[in-house]
Amino acid sequence: MDNKERMQLPYQEMPELPVTQRLAGPVEVNRGYSEQQALAEAERCLQCKNAPCVAGCPVDIDIPAFIKLIREKRYTQAGLKIKETNSFPAICGRVCPQEQQCQEKCVVGRAGHEPVGIGHLERFVGDHLIAHSQKPSRAKPTGHKVAVVGSGPAGLTCAGELAKLGHQVTIFEALHEPGGVMIYGIPEFRLPNDIVRHEIKSLVDLGVQISHDTVVGRTVTMDEIRGEMGFEAVFLGLGAGSPRFLNIDGENLRGIYSANEYLTRVNLLQAYRDDYDTPIRRGQYVTVIGGGNVTVDAARWALRLGAQTVTIVYRRSRQQMPARIEEVRHAEEEGIQFQFLTQPIKFIGEDGDVVGMECIRMELGEPDASGRPRPVPMADSEFTIDTDLVVIAIGARVSPLVPIAVPGIELDESGHVIVNPETLESSVPGIFAGGDLIPGEETVVRGMGNGRQAAQSIHQYLIGRD
Ligand code: FAD
Ligand code: SF4
Ligand code: SF4
């Protein structure tokens, strides 16, 4: 088959759960390719020599090579090819913003067709690896001890890579279950918890120890970790989990949640289950403020918790929404409404409960520091939205605990840890950092890339001590 013929092959759509079956609970909406579909989609790849798609992947996966292995039905080898640079393909295949990364650069897409479904194929081989996984063999111990703080994608990847090199790794995690945002933030209808738990179990099989309910800076200090506990190096993967608020009147009314709290109650503490005690308000007329993945996740959860209407209020227009295109499409299919170019200016309360929200219409002005058009209020355009539950999902910031947990560490003006970009070492020798804790894109795949890079640097650091 020549390239012209390959480009005419039909794109394989991801099978999805019908809308009518979605709202009963957190069942995954994307169902995954069948083998037949994976083979058909792999045929669409032109196996480009210069492979521009690889440049679009933050962890440089050899995309044509793994797709070629799928074509040859060598699925385990395809998975291992991906694992050369990305430890968790079943996770990235599900949540990576592929359409803005690898697939955005795909030659087939650039020629006016649907780009090759790289993410869907990655998920296919990731799931194959999970279904056929074997207990990993442990490396010969080096005698070095490394502490990893935080068990999100950055911490888990770093821990896994260090364990493979034979170092003794302990993860300190503040919550009772590891996984970071992948467990407490991203809903199961996008990323089932069992996928994340499987990957964590494989780290435990490699010898990684996990200390739950341990808040570094409170339960245990960095001095203790590096002193009497004997850890020679530390990786910080604390993420950026402190919520941002609008700072407008009425924000303390009952019925107003930060997205962080709302999602943690539902995802991690399973408030959607009748047999669980976790309290949560189930609003009838829910409003979610923001425009990113977190916003859309919270809105879709509110529908699953029985809301009659759910409205996303965003101050820019649809084109500027940072949420994944697929997520916005799913939200629309499920019946979520949107109020674009709208900014809340005040919450209205009755007996301490939120009952409404005063808003103002916005128009787009000159680009701001983010390069997107700045939303500007329109004169005399105030109006009210009735609502009995509000979720504020306008972003998060690094925890103010970081300088307490790591005295003397250098931070930038937004509170992110400053690192050497080559090594990811912070201003404190022997302490490395990655993921949302350092400046840059806040994505799962970047966290994983940082975790891998830091593991290499920590290995060099430990060898240097030898
Ligand atoms: P995190 O995943 O935030 O993990 C940090 C961990 O550190 C947590 O478990 C926390 O409990 C722990 N911790 C914090 N402080 C301490 C302490 N003092 N001591 C011990 N442990 C501590 N990205 C995508 O690529 N695709 C998506 O679709 C996507 N959707 C998202 C949806 C939601 C709702 C959210 C919130 C984020 C989403 N993201 C998405 C962003 C992505 O999840 C993050 O970029 C990524 O998880 C960051 O990884 P991390 O390892 O740096 O930190
Ligand atoms: Fe694409 Fe993400 Fe996979 Fe890289 S990790 S190939 S960007 S889906
Ligand atoms: Fe295949 Fe597209 Fe990458 Fe070319 S750019 S190798 S067609 S995935």
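Biologist: How many bridges join strand β2 to β3?

Modeller: In this predicted model, local features need pLDDT of at least 70 and side-chain atom pairs count only at pLDDT 80 or more, while totals for chains, interfaces and linings use all residues. Residues are numbered from 1 along each chain as its sequence is written, chains are lettered from A and ligands numbered from 1 in the order in which they are written, and side-chain values use heavy atoms, with hydrogens and water left out. Strands (E, at least two residues) and helices (H or I, at least four) are DSSP runs numbered from the N terminus, and two strands pair if DSSP finds at least two bridges between them. Strand β2, residues 168-172, runs parallel to β3, and the number of bridges that join them is three.

Biologist: Which residue of β3 stands opposite F172?

Modeller: The pair to examine is β2 with β3, two strands that run parallel. Within β3, the residue opposite F172 is S211.

Biologist: In what order do the strands of the sheet that holds β2 and β3 stand?

Modeller: This sheet is open and has five strands, with parallel pairing. Read across the sheet, the order is β3-β2-β1-β4-β16.

Biologist: Which strands of this sheet have one side left without a neighbour?

Modeller: A strand at the edge has a single partner strand, so one of its sides is left without a neighbour in the sheet. The two strands in that position span residues 209-211 and 431-433, and they are β3 and β16.

Biologist: What is the strand order of the sheet that contains β7 and β8?

Modeller: Here too five strands form an open sheet with parallel pairing. Its edges are held by β6 (256-258) and β9 (337-339), each with a single partner strand, so one side of each has no neighbour in the sheet. The order of the strands is β6-β14-β7-β8-β9.

Biologist: Which residue of β8 stands opposite Y285?

Modeller: Strand β7 covers residues 285-289 and strand β8 covers residues 309-313. They pair in the parallel sense over five bridges. Opposite Y285, the residue in β8 is T309.

Biologist: Into which domains is the protein divided?

Modeller: The domain bounds come from an automatic or database domain assignment. Domain 2 is written as two segments, 145-241 + 398-462.

Biologist: Between which domains does the second largest pocket lie?

Modeller: On a 1 Å grid over the protein atoms alone, a pocket is an open set of points with protein on both sides within 12 Å along at least five of seven lines, a cavity is a set where a 1.4 Å probe fits but cannot get out, and lining residues have an atom within 4 Å of a point. This pocket is lined by 28 residues, and K83, S133, Q134, P136 and S202 lie nearest its centre. Two domains both give residues to the lining, so the pocket lies between domain 1 and domain 2.

Biologist: Which helix gives the most to the lining of the second largest pocket?

Modeller: At least two lining residues come from each of α5 (75-83), α6 (89-95), α8 (118-131), α9 (153-164) and α11 (193-205). With six residues, the element that gives the most is α11.

Biologist: Which element gives the most to the lining of the largest cavity?

Modeller: The largest cavity is lined by 16 residues, and those nearest its centre are N30, R94, R190, R324 and E326. The elements α6, α8 and α15 (325-334) give two or more residues each to this lining. Domain 1 and domain 3 each supply at least three of its residues. The element that gives the most, with three residues, is α15.
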